[in-house]
Amino acid sequence: MSDVILRMRGISKTFPGVRALDDVNLEVLRGEIHAICGENGAGKSTLMKVLSGVYPHGDYTGEIEFEGQECRFGGIRDSEHRGIVIIHQELALASNLSIAENIFLGNEQSKRGLIDWNRTNADAAELMGRVGLDENPVTQVLDLGVGKQQLVEIAKALSKRARLLILDEPTAALNDEDSAHLLNLLRGLRDEGITCVIISHKLNEVLEIADRVTILRDGKTITTLDADGLTEDKIISGMVGRDLDHRFPPREPVIGEEVLRVENWTVHSPTQHGRLLVANASFRLKRGEIVGLAGLMGAGRTELAMSIFGRAYGTGISGRIFKDGREIKLRSVGEAIKHGIAYATEDRKRYGLNLIEDIKRNVSSAALRKLARRGWVDDNEEYQVAESYRQSMNIKAPSVASITGKLSGGNQQKVVLSKWIFADPDVLILDEPTRGIDVGAKYEIYTIINKLAEDGKAVLLISSELPELLGLCDRIYTLSAGRITGEVPRAEATQEGLMTLMTAGQEARP
Amino acid sequence: MSVAPTRVQADVLKKAPGGPRRFQLNLRQSGIYIAFAAIVLLFTILTGGDMLAPQNISNVIVQNSYILILAIGMILVIIAGHIDLSVGSIVAATGAVAAVLMVNHDVPWPLALLITLIVGGLIGAWQGYWVAYFGIPAFIVTLAGMLLFRAVTYNILGNRGIGPFPEEVRTLANGFTEGYLGNIGLGALGGADLFTLLIGVFAVGGIVVSQWRSRAGRLRFGQVVEPFPLFVAKIVTASVVVMFVIVQLARFRNLPWVLVLLAALVLGYSLLTNRAVFGRQIYAVGGNLQAATLSGVKTKAVVFWIFVNMGVLAALAGIIFAGRLNQANPTGGDQLELDAIAAAFIGGAAVQGGVGKVVGAITGGLIMGVINNGMSLIGAPSEQVMLVKGAVLLAAVAFDVWTKRRAGASR
């Protein structure tokens with residue numbers, strides 16, 4: 001019974017500036033469902049990418065032993081060959097191919113170089129039966145809901161004769177019915193002898209399905225526990241119970257009038273028809289205040305922020321926004337900026353910076369008209385502005401004519417912040433401002449955030465790192481499955497308390 | 001937790017102190033001028049000096065004027081991250097409109113020109129709508145436009161050409177300034193037009209003064225500028241080239257009017273791309289569309305107006321093209337879009353958008369013009385000209401990709 005199918009020993013993996021995995025150990029028993037829990041950024045997905053060969057041997061240190069043999073995977077094909085199949089959070093299906101084509105993608109059933117369609121579709125139908133997918137094998141994947149697409153992924157994994165199935169957040173995008181079906185299916189697969197490793201934020205699901213749970217925190221293994229007798233609280237305390245090793249600059253909050261109030265904000269998904277991303281969210285920000293927004297991945301934090309920022313994301317948006325007590329309508333990003341609202345994105349490379357341009361042109365890009373007279377930009381003034389930010393923000397670059405694409409993450413983030421500070425907003429929404437930034441630069445970003453509040457601006461800080469929220473914010477809202485589930489003043493906030501609110505009401509998902 | 005971050009920081013810090021005062025020559029941008037000089041030199045040697053003869057310089061300018069005008073519009077489209085395959089057909093269609101107005105309906109030429117430019121703008125607006133607001137890739141929209149507007153041309157003209165154009169239009173396309181101030185002797189070079197020479201002197205003076213003031217302004221704000229000897233060398237080179245061309249033109253038949261027009265366009269559009277808010281927004285849209293959107297740039301409007309602008313410039317090129325031939329032709333302007341696109345890419349535009357300069361596109365256009373002209377002077381058959389032009393385009397873009405990859409690897 002207690003036969004170990006997978007043993008990962010001393011796995012470490014470093015990205016530029018960040019140590020994602022630090023001496024991680026994991027043991028998975030044959031025929032069990034093994035859950036991995038941890039905060040965003042704890043290293044769960046990285047560990048699974050190491051296991052499945054996405055990061056090939058040599059990219060990490062440590063050993064992987066599968067079915068008693070040491071493995072050195074050079075890529076996904078190698079790991080799949082051994083029977084380890086990963087299903088990523090973002091499904092990797094070709095949406096305009098049929099179910100059967102997707103199941104056998106890269107593994108085509110062919111005879112003398114020609115695809116044997118009868119065998120492909122018949123085999124697909126059999127696999128679909130095993131996962132309980134009642135559809136025609138020739139149906140295009142884009143006609144399926146997310147729940148059924150997930151089943152196609154699992155059928156695809158089975159077609160590769162998977163013996164170890166890894167699922168990264170498999171139910172994150174599913175409704176209750178589909179989730180229940182999926183969990184049942186996993187139990188069935190376990191009984192057929194397929195071992196499962198599941199990563200999930202939904203702790204109730206973890207307790208319902210897992211045999212054992214491994215908890216990761218800050219890239220380290222904390223513990224592996226038997227699911228029998230385990231409670232959500234116990235998992236949470238393992239996930240967050242870190243000592244506050246970051247230090248935060250001191251600050252005396254001077255909080256003024258209310259500057260922004262959002263009422264009954266509701267946002268629907270632009271890609272999945274009718275799916276609710278944010279439901280009836282209401283919150284308010286005051287001058288000089290730093291307010292946190294805590295939520296797990298997929299809770300709708302970014303969607304909430306971007307939809308407020310001139311409807312930059314989402315459809316079917318409803319709700320009211322009040323600025324300085326007066327209702328305002330924000331139909332475009334330009335209007336939001338005009339009304340003194342700024343949003344610094346979580347993905348600075350894709351949404352925040354023009355990476356082929358230099359620092360000065362990025363700094364000026366959100367408020368170019370401030371530097372222009374009758375539509376003509378004053379180059380020298382632009383240089384001076386950018387240079388003043390380079391010095392005050394301590395952007396480490398030879399000059400403001402340096403290309404932003406060549407800066408480190410922390411310095412890129414400072415350019416993004418400079419850009420929005422130059423636009424002189426009253427409200428700054430900062431989405432994961434310290435993601436992927438090393439510790440030293442984090443402290444500098446914290447100092448900048450404090451300075452903004454000191455200057456009377458209201459800051460809404462979205463972060464996955466609870467210590468960061470606890471160390472900086474005056475109040476913290478928690479968001480779970482698109483709903484605001486709590487509002488906690490700094491004095492009363494604890495990591496455990498927040499985590500409980502952040503995972504609350506997940507069952508009630510529409 | 002601690003080892004990697006501190007090392008990364010230390011690297012940055014180490015680089016910083018030596019950096020701020022150092023000036024770096026931009027290989028990608030200056031390379032194009034060096035290549036242009038080399039090609040001119042090569043053909044000057046191959047033709048025994050005929051390349052730089054007064055009449056030939058005049059010919060190169062006049063013969064390529066409409067391609068250069070198209071290249072100005074095209075570089076903006078390409079900087080914004082799009083492409084326009086329809087400009088050849090727009091040239092034909094607008095040329096036909098101008099011909100019908102002036103020849104068949106006796107509309108006074110200034111009004112006819114204005115209407116033609118508006119028609120060009122409307123054609124651009126049509127394509128801009130589909131690209132910017134409807135979201136169809138520009139490649140498809142303008143491929144359709146290429147067929148569509150060629151069909152429109154045939155509809156307007158039937159299967160024949162319409163001409164001749166009024167004297168004024170022919171002069172704009174093909175003519176020269178009068179010798180307003182008479183001739184003066186230039187010793188061994190013979191007589192030359194004083195007016196043309198004076199314009200040249202003013203142009204050189206303008207270059208020197210504006211460059212000097214720009215440098216002084218940058219210095220006042222503590223910016224990095226190129227070393228003084230390099231600055232002087234650049235100004236002297238530019239002045240010598242301008243004066244040489246001017247003297248040769250003054251010796252031949254004075255200033256071509258299209259050169260006056262082109263100079264104004266280059267100046268205006270350079271200013272637009274470098275200094276205007278709208279110009280900056282074009283680079284922002286091409287560099288990172290999402291980031292531009294999230295910075296409050298009205299990205300759809302920017303793309304729309306870029307296409308309107310392309311339409312107007314194509315109409316201008318259409319008038320000059322037709323005026324030069326003295327007749328609007330149903331097959332006129334065929335494949336001009338390829339020349340304009342090639343000019344932009346040879347001139348340093350990036351396929352992904354976000355990069356490019358008006359002066360670069362003009363230089364790219366001149367490189368192709370000089371190759372055309374030089375090879376015909378040495379009597380090379382047209383298939384060889386095509387071969388060389390194709391090779392130059394591929395080499396220019398390969399160089400661009402290579403320098404970018406090298407820059408990426410050294411990170």
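This is a predicted model: local features need pLDDT of at least 70, side-chain atom pairs count only at pLDDT 80 or more; totals for chains, interfaces and linings use all residues.
**Entry 1, domains of chain A.** I began with the domain assignment of chain A, which gives domain 1 (4-240), domain 2 (245-340 + 425-510) and domain 3 (354-424). I then looked up how domain 1 and domain 3 of chain A are placed, and found that their centres, taken over C-alpha atoms, are separated by 43 Å.

**Entry 2, the interface.** Next I turned to the contact between the two chains, to which chain A gives 44 residues and chain B gives 38 residues. The size of an interface is often given as the accessible area lost when the parts come together. For chain B and chain A I noted a buried area of about 3500 Å², with 60% of that area coming from carbon and sulfur atoms. I counted two salt bridges between chain B and chain A, and I wrote down one of them, in which the side chains of A:Asp379 and B:Arg280 meet with an N to O distance of 3.2 Å. The polar contacts between chain B and chain A come to nine residue pairs, counted where both residues are at pLDDT 80 or more. On the side of chain B that touches chain A, at least two residues each are supplied by helix H1 (3-18), helix H8 (194-220), helix H10 (257-275), helix H11 (277-287) and helix H12 (289-293) of chain B. When I sorted the residues of this side of chain B by kind, they divided into 19 nonpolar, 15 polar and four charged.

I looked up A:Gln109 in the loop of chain A between helix H3 (99-103) and strand E7 (110-111). Is A:Gln109 buried or exposed? Its relative accessibility is 11%, and because buried means under 20%, A:Gln109 counts as buried. Leaving aside residues up to four places away in sequence, I found that A:Gln109 touches A:Phe104, A:Leu114, A:Ile115, A:Asp116, A:Arg119, A:Thr120 and A:Asp123. With one of these, A:Arg119, the side chain of A:Gln109 makes a side-chain polar contact of 2.8 Å, and the side chain of A:Gln109 also reaches the backbone oxygen of A:Asn107 at 3.1 Å. A:Thr120 stands eleven residues from A:Gln109 along the chain, and I noted 5.8 Å between the C-alpha atoms of the two.

A:Glu169 lies in the loop between strand E9 (164-168) and helix H6 (176-191) of chain A, and is buried at a relative accessible area of 7%. I placed A:Glu432 in the loop between strand E21 (427-431) and helix H15 (439-454) of chain A, where A:Glu432 counts as buried at 5% relative accessibility.

Among the buried residues of H14(B) I listed B:Leu336, B:Glu337, B:Asp339, B:Phe345 and B:Ile346. H14(B) is followed by B:Gly348, for which I noted a positive phi near 100 degrees.

Definitions and conventions
Residues are numbered from 1 along each chain as its sequence is written. Chains are lettered from A and ligands numbered from 1 in the order in which they are written. Side-chain values use heavy atoms; hydrogens and water are left out. Helices (H or I, at least four residues) and strands (E, at least two) are DSSP runs, numbered from the N terminus. Buried means under 20% relative accessible area, exposed over 50%, partly exposed in between (1.4 Å probe, protein chains only). Contact means heavy atoms within 4.5 Å. A polar contact is a pair of N or O atoms within 3.5 Å; within protein, one must be able to donate a hydrogen and the other to accept it, and residues adjacent in sequence count only if both atoms are side-chain atoms. Buried area is the accessible area (1.4 Å probe) that two parts lose on being put together, summed over both. A salt bridge is a side-chain nitrogen of Lys or Arg within 4 Å of a carboxyl oxygen of Asp or Glu. Ala, Val, Leu, Ile, Met, Phe, Trp, Tyr, Cys and Pro count as nonpolar, Asp, Glu, Lys and Arg as charged, and the others, Gly among them, as polar. Domain bounds come from an automatic or database domain assignment.
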